[in-house]
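I opened this entry to log what I looked up, one topic at a time.

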Amino acid sequence: MAIETEVLVLGAGPGGYTAAFRAADLGKRVTLVERYPVLGGVCLNVGCIPSKALLHLAEVIYQARDCAGKGIKFGEPEIDLEQVRRWKDRVVKTLNTGLAGLAKQRQVQVVQGTGHFVSDRKLEVETEEGAETVSFQHAIIAAGSRPVKLPGWPNDSRIMDSTGALALEEIPESLLVVGGGVIGLEMACFYHALGAKVSVVELADQLLPGADPDLVKPLHQTISKRYEGIWLNSKVTAVEASDQGLKVSFEGSEAPESQTFDRILVAVGRRPNSDSLDLEAAGIQADERGFIEVDDRQRTSVRHIHAIGDIVGNPMLAHKATHEGKVAAEVICDLPSAFQALTIPSVAYTDPEVAWMGKSEPELKAAGVEYDKGIFPWAASGRALGIGRREGLTKLLSDRKTGRILGAGIVGPHAGELVAETVHALEMGADVEDIALTIHPHPTLSETIAFAAEMIDGSITDLYLGKSRKETK
């Protein structure tokens with residue numbers, strides 16, 4: 001069977017379906033190829049959405065336990081793992097159904113199967129009914145990424161990646177998380193809340209490598225009281241599987257002696273799915289890491305073929321992919337569009353949450369940029385104290401000469417929601433005085449952003465800094 005289309009989109013994750021829907025809205029005939037029977041890709045089906053649904057349950061459990069110290073005591077939760085799975089799956093299915101409806105409304109043709117290029121104008125799709133050929137005028141590659149597997153490890157079902165962890169086969173007595181990045185720490189949070197004894201090993205010298213150390217510190221302090229161990233500057237050297245468990249050997253400056261765990265979660269990164277697409281047949285070359293190089297119009301070296309999302313490089317985030325998808329669709333439709341984001345925010349939905357955007361303090365120091373910083377501790381926030389979360393903080397970084405916002409970070413409940421204001425400020429070229437003079441509702445966590453700006457501006461009254469900086473400037 002042969003299909004002819006104007007725009008082919010390969011991959012129906014957040015970037016892919018966004019690109020397909022935008023191109024259809026702009027009048028193009030669109031074919032969307034997806035290997036799974038439902039739309040949404042890794043993010044919706046085995047990533048962002050199910051993990052955040054489960055992390056919500058973790059948050060409820062932690063809050064219930066925390067209330068004991070405030071005079072309200074609940075019994076220990078009774079975990080019905082099958083019902084938890086059904087609820088998580090119901091959340092995913094609701095969104096799957098919604099996406100299928102949106103594709104139908106837009107008359108986007110969906111083909112289920114695994115696609116690979118046979119030329120720069122044709123894609124072959126292996127379906128259950130056999131091979132289909134899709135001829136296209138334009139293509140958007142949105143094939144995503146997959147978890148990195150560590151070589152030399154035993155092939156054992158007790159060793160999980162993020163997809164396996166979200167399947168919730170059981171809550172193990174003990175769990176080792178290999179990788180202290182966002183995915184590893186989020187899964188650690190959920191499994192600990194449900195009763196697992198969790199340990200984390202990370203090769204770098206801090207959790208959440210790349211994030212500002214000031215933001216990581218409150219998270220590290222909190223989870224170090226909960227978890228059995230957090231071993232930095234360390235790595236796994238061997239895993240031996242037996243009926244008694246998984247015996248793990250370590251090495252590194254903080255590495256422990258060998259220990260045995262019931263399960264291991266490997267979360268050491270993701271790699272792009274470019275190696276299965278036969279890109280060479282389309283005249284496209286991936287780099288040594290498997291990423292496809294694109295310009296700010298998301299065009300590859302073959303100008304009528306675009307690429308978006310994880311497959312074009314870091315950060316591998318759904319919200320980056322969706323914006324790139326819109327750009328690719330609009331460029332195909334001859335609109336003056338380009339991906340020129342000044343920053344892409346990152347969020348770890350741990351407890352507490354950590355969110356950051358723009359430049360970090362180490363990055364500014366390395367670049368020799370003169371900057372000012374304002375750190376407002378949530379211990380001075382009435383709202384934070386009222387919800388029992390004094391460990392948080394809000395941090396702003398600004399250009400010393402112009403006052404413009406350069407970066408921001410927040411650690412504490414709902415940090416992922418709060419950071420959007422700082423992203424907007426950076427994109428709009430706001431300075432700290434703009435934020436300080438913007439009236440925020442009280443008492444809220446959002447006003448800590450204004451307080452951090454006032455720390456730089458010198459007008460803060462909720463803390464005492466000595467003689468007003470405004471008077472000394």
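**Salt bridges**

I started with Asp351 and Arg226, whose side chains form a salt bridge at 2.7 Å, N to O. The model is a predicted one, and I read it as such. I placed Asp351 in the loop between strand 18 (346–348) and strand 19, and Arg226 in the loop between helix 7 and strand 11, so this pair ties together parts 125 residues apart in sequence. Then I checked accessibility. Asp351 has 9% relative accessibility, which is under 20%, so I noted Asp351 as buried. Arg226, at 22%, is partly exposed.

Next I looked up Arg106. Arg106 forms a salt bridge with Asp25, and the closest N and O atoms are 2.8 Å apart. Arg106 sits in the loop between helix 4 and strand 3 (109–112), while Asp25 belongs to helix 1 (residues 14–25), so the bridge ties together parts 81 residues apart in sequence. Arg106 is partly exposed at 27%, and Asp25 is partly exposed at 45%.

Lys197 lies in strand 10 and Glu173 in the loop between helix 5 and strand 9, so the parts tied together are 24 residues apart in sequence. I noted Lys197 as partly exposed, at 43%.

I also found a network of salt bridges linking Asp212, Asp214, Glu361, Lys365, Lys373 and Lys395. The count for the model comes to 27 salt bridges.

I traced an open sheet of five strands in the order 8-15-9-10-11, with parallel pairing. Which strands stand at the edges? They are strand 8 (159–160) and strand 11 (229–231); each has a single partner strand, so one side of each lacks a neighbour in the sheet. Strand 8 runs parallel to strand 15 (residues 263–266), and two bridges join them. Ile159 stands opposite Ile264 of strand 15. Helix 6 (residues 182–193) packs on this sheet and touches strands 8, 9, 10 and 15. I read an angle of about 165° between the directions of helix 6 and strand 10.

**The cores**

I looked up the largest nonpolar core, which has 40 residues; Phe190 and Leu208 touch the most other members. Helix 6 gives the largest share, seven residues. I then listed contacts of Phe190, leaving out residues up to four places away in sequence: Leu54, Leu55, Leu57, Ala58, Val84 and Leu168. A second, separate core has 28 residues, among them Val419, Ala425, Leu445 and Ile449.

Technical notes. Residues are numbered from 1 along each chain as its sequence is written. This is a predicted model: local features need pLDDT of at least 70, side-chain atom pairs count only at pLDDT 80 or more; totals for chains, interfaces and linings use all residues. Side-chain values use heavy atoms; hydrogens and water are left out. Two strands pair if DSSP finds at least two bridges between them. Helices (H or I, at least four residues) and strands (E, at least two) are DSSP runs, numbered from the N terminus. Contact means heavy atoms within 4.5 Å. Axes are lines fitted to C-alpha atoms, for helices over the stretch in contact, and angles run from 0 to 180 degrees between N-to-C directions. A nonpolar core is a set of buried Ala, Val, Leu, Ile, Met, Phe, Trp, Tyr and Cys residues joined through side-chain atoms within 4.5 Å. Buried means under 20% relative accessible area, exposed over 50%, partly exposed in between (1.4 Å probe, protein chains only). A salt bridge is a side-chain nitrogen of Lys or Arg within 4 Å of a carboxyl oxygen of Asp or Glu.
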